[in-house]
Amino acid sequence: MTHPAPSQRIQFSIARLEAWAPDVATADQWEEWIRGERAIGETGEPALSQMPAMLRRHAGRLGRLSCDVAYRALGDLANVPMVFCSRYGEVHRSVDLLTLLANAQGLSPTSFGLSVHNAIVGLFSMARKDTANAIAIAAGDESAEFGIVEACTLLADGASAVLLVVADCPLPSIYDGFVDHDPVALAWACLMVPAAEDAVTLEWETRDDDGHSAERLPSAQVGALRFLLGREREFVQGGDHRLWRWRRDA
């Protein structure tokens, strides 16, 4: 006889939440999106005017999305630890580099440096001249949840606030046969602080099934943002190996 694994839980509060997606940028537009009255577009990226031009030109689409919401969520704060989460990261740059390699063409060291998973958080730190702790995470479709876990670990270790950034863009067409969710370009950032009266609880437990479905679903990052922006008391998301439950305690 097998027994279900015990659930685990963490709590935190959100001091500030910012999000950006094509055709959905303002607070009113996000309200329309939550109500199903507005869809995320396919093209577009933020201007990222907050970043100096010399560094901004190195930011690809994912970098622009990520850094834009990070700037707005941090405001004037400095020395705040940052956790950057992305399922795929700068995979477009990687595909371009591999294509050049397959065609026996030379590779740009700069392009390679910008393709690694911590490149965006590094670029953001350089632009702000901020030496705070910065972590980059890739955990499949559970990247947002594991980012929350990492951020809560930093809070428990004494940080007064942690910036969490979650971002992804649709995969290059070469991966069309492997897409298991409805792809959108989306980034959101929240300034997390120790749990207060308005705390959010995140619980998880091991799944008994394999976690796979033939149905194409919105990504977990999209579902988590819909919960955080909306008014629902609970959101349940099944990852590849765990069942995650988001809950408002207020």
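These legends accompany close-up views of a predicted model.

**View 1. Helices α1 and α8 pack against each other at about 110 degrees.** Helix α1 covers residues 27–34 and helix α8 covers residues 220–229. Their axes lie 10 Å apart. Angles of 65 to 115 degrees count as roughly perpendicular, and α1 and α8 are therefore roughly perpendicular to each other. The crossing of α1 past α8 is left-handed. On the α1 side, Trp30, Trp33 and Ile34 make the contact. On the α8 side, the contact residues are Val222, Leu225, Arg226 and Leu229. By class, this contact of α1 with α8 holds 6 nonpolar residues, 1 charged residue and no polar ones.

**View 2. Helix α8 is mostly covered.** Of the 10 residues in α8, 8 are buried.

View 3. Cysteine 152 is buried, with a relative accessible area of 10%. A search of the whole structure finds 0 disulfides.

**View 4. Cysteine 169 is in no disulfide.** For cysteine 169, the nearest cysteine sulfur is that of cysteine 67. The distance is 12 Å. Cysteine 169 is buried, at 11% relative accessible area.

**View 5. Histidine 92 sits in helix α4.** This helix spans residues 91–102. Histidine 92 is partly exposed, and its relative accessible area is 37%. Leaving out residues up to four places away in sequence, histidine 92 touches Pro170, Leu171 and Pro172. Glycine 60 is 32 residues from histidine 92 along the chain, yet their C-alpha atoms are separated by 9.1 Å.

**View 6. Serine 115 lies in helix α5.** The helix runs over residues 109–115. Serine 115 counts as buried, at 12% relative accessibility. Which residues does serine 115 contact, leaving aside its neighbours within four places in sequence? They are Glu90, Arg93, Ser94 and Leu97.

**View 7. Asparagine 79 has a positive phi.** The value is near 60 degrees, in a residue other than glycine. Asparagine 79 is placed in the loop between α3 and β2. Helix α3 covers 61–74, and strand β2 covers 82–85. Asparagine 79 is exposed, with a relative accessible area of 57%.

**View 8. Alanine 104 also has a positive phi, of about 60 degrees.** Alanine 104 is not a glycine. Its place is in the loop between α4 and α5. The helices on either side are those of histidine 92, in α4, and serine 115, in α5. Alanine 104 is exposed, with a relative accessible area of 71%.

Methods:
Residues are numbered from 1 along each chain as its sequence is written. This is a predicted model: local features need pLDDT of at least 70, side-chain atom pairs count only at pLDDT 80 or more; totals for chains, interfaces and linings use all residues. Side-chain values use heavy atoms; hydrogens and water are left out. Axes are lines fitted to C-alpha atoms, for helices over the stretch in contact, and angles run from 0 to 180 degrees between N-to-C directions. Helices (H or I, at least four residues) and strands (E, at least two) are DSSP runs, numbered from the N terminus. Angles under 35 degrees count as roughly parallel, over 145 as roughly antiparallel, 65 to 115 as roughly perpendicular and the rest as oblique. A crossing is left-handed if the near helix is turned anticlockwise from the far one by less than a right angle, and right-handed if clockwise. Contact means heavy atoms within 4.5 Å. Ala, Val, Leu, Ile, Met, Phe, Trp, Tyr, Cys and Pro count as nonpolar, Asp, Glu, Lys and Arg as charged, and the others, Gly among them, as polar. A disulfide is a pair of cysteine sulfur atoms within 2.5 Å. Buried means under 20% relative accessible area, exposed over 50%, partly exposed in between (1.4 Å probe, protein chains only).
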